Amino acid sequence: MLWNIYFNDLLRSLPVASAYADDCTVSHTYTSEETANVIDATNRQLGDITAWGRRWQVKFAAEKTQAMVIARSREDPSLLEGKLKFGDDTLAIKNSINILGVEVDSRLRFDRHLETVARRASLRVTLLRRVRHLLGR
């Protein structure tokens, strides 16, 4: 509750933002002709977030900040590469990002997420097999 109260003014100033708990996602829908405008708008919003953080003594972790382009064209992500700035850092355009523990790729597929979940489940089953002699019925 306190988190929501504290960050409320920041979220209200960013109409393209979605927030849950301590995660915030800024998204834009655009055509390839609008790429330059989206870069400017995104950098302006990232600048507003940085300024808000300075004002309220909140340090955002740029290294945890992720950027991804969801597009049919393979060239679209390269149009944004090296152009998004968060404070003094340049955001790399990634092929997949993790949002609230769910890994999504630029084709909106969940293959990597499902592989990770299956691997974790397999490790836990293996652990249970190793200690089953210690467990009662």
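**Notebook: hairpins, salt bridges, a pocket and a patch**

I began with the strands: β7 (residues 96–99) and β8 (residues 102–105) run antiparallel and are joined by four bridges. For the record, strands here are DSSP runs of E with at least two residues, helices are runs of H or I with at least four residues, and both are numbered from the N terminus. Two strands count as paired if DSSP finds at least two bridges between them.

Before going on, I noted that this is a predicted model, where local features need pLDDT of at least 70, side-chain atom pairs count only at pLDDT 80 or more, and totals for chains, interfaces and linings use all residues. Residues are numbered from 1 along each chain as its sequence is written, and side-chain values use heavy atoms, with hydrogens and water left out.

I looked up the partners across the pair. Ile-97 has Val-104 of β8 as its bridge partner, and Ile-99 stands opposite Val-102. I flagged it because most residues other than glycine have a negative phi. Leu-100 is partly exposed, at 47% relative accessibility. My classes are buried for under 20% relative accessible area, exposed for over 50%, and partly exposed in between, with a 1.4 Å probe and protein chains only.

**Entry: the β1/β2 hairpin**

Next I checked the other hairpin. β1 and β2 pair in the antiparallel sense, over four bridges. Ser-18 has Thr-25 as its bridge partner in β2. Again I found two residues between the strands, and Ala-21 takes a positive phi near 55° in this hairpin.

One further positive phi went on my list: Leu-108, near 60°, which is a residue other than glycine. Leu-108 is in the loop between β8 and α4 (111–131).

**Entry: salt bridges**

How many salt bridges does the structure hold? I count two. The cut-off is a side-chain nitrogen of Lys or Arg within 4 Å of a carboxyl oxygen of Asp or Glu.

- Arg-112 and Glu-103 meet through their side chains at 3.5 Å, N to O. Arg-112 is partly exposed, with a relative accessible area of 45%, whereas Glu-103 is buried at 18%.
- Asp-111 and Arg-109 meet at 2.1 Å, N to O. Asp-111 is partly exposed at 34% relative accessibility, and Arg-109 is partly exposed at 44%.

**Entry: the largest pocket**

Of its 47 lining residues, Cys-24, Thr-25, Val-26, Thr-65 and Gln-66 are the closest to the centre. The elements that give two or more residues to the lining are α1, β1 (17–20), β2 (23–26), α2 (35–55), β3 (67–68), α3 (76–80) and β7. Which element gives the largest share of the lining? That is α1, with five residues.

**Entry: a nonpolar patch**

Met-1, Leu-2 and Ile-5 form a nonpolar surface patch, with about 420 Å² of accessible area together. Patch residues need over 30% relative accessible area and no salt bridge; nonpolar side chains (Val, Leu, Ile, Met, Phe, Trp, Tyr) are joined within 5 Å, like charges within 9 Å. Areas come from the Shrake-Rupley method with a 1.4 Å probe, and for residues only the protein chains shown count as cover. Ile-5 belongs to helix α1 (residues 2–13). Is Ile-5 buried or exposed? Ile-5 is exposed, with a relative accessible area of 58%.

**Entry: distances to Gly-87**

Ala-51 is 36 residues from Gly-87 in sequence and 8.7 Å away in space. Ala-51 lies in helix α2 and is partly exposed at 37%. Ala-61 and Gly-87 are 26 residues apart along the chain, with their C-alpha atoms separated by 9.9 Å. Ala-61 is in the loop between α2 and β3, and is partly exposed at 28%.

Terms used:
On a 1 Å grid over the protein atoms alone, a cavity is a set of points where a 1.4 Å probe fits but cannot get out, and a pocket is an open set with protein on both sides within 12 Å along at least five of seven lines; lining residues have an atom within 4 Å of a point.
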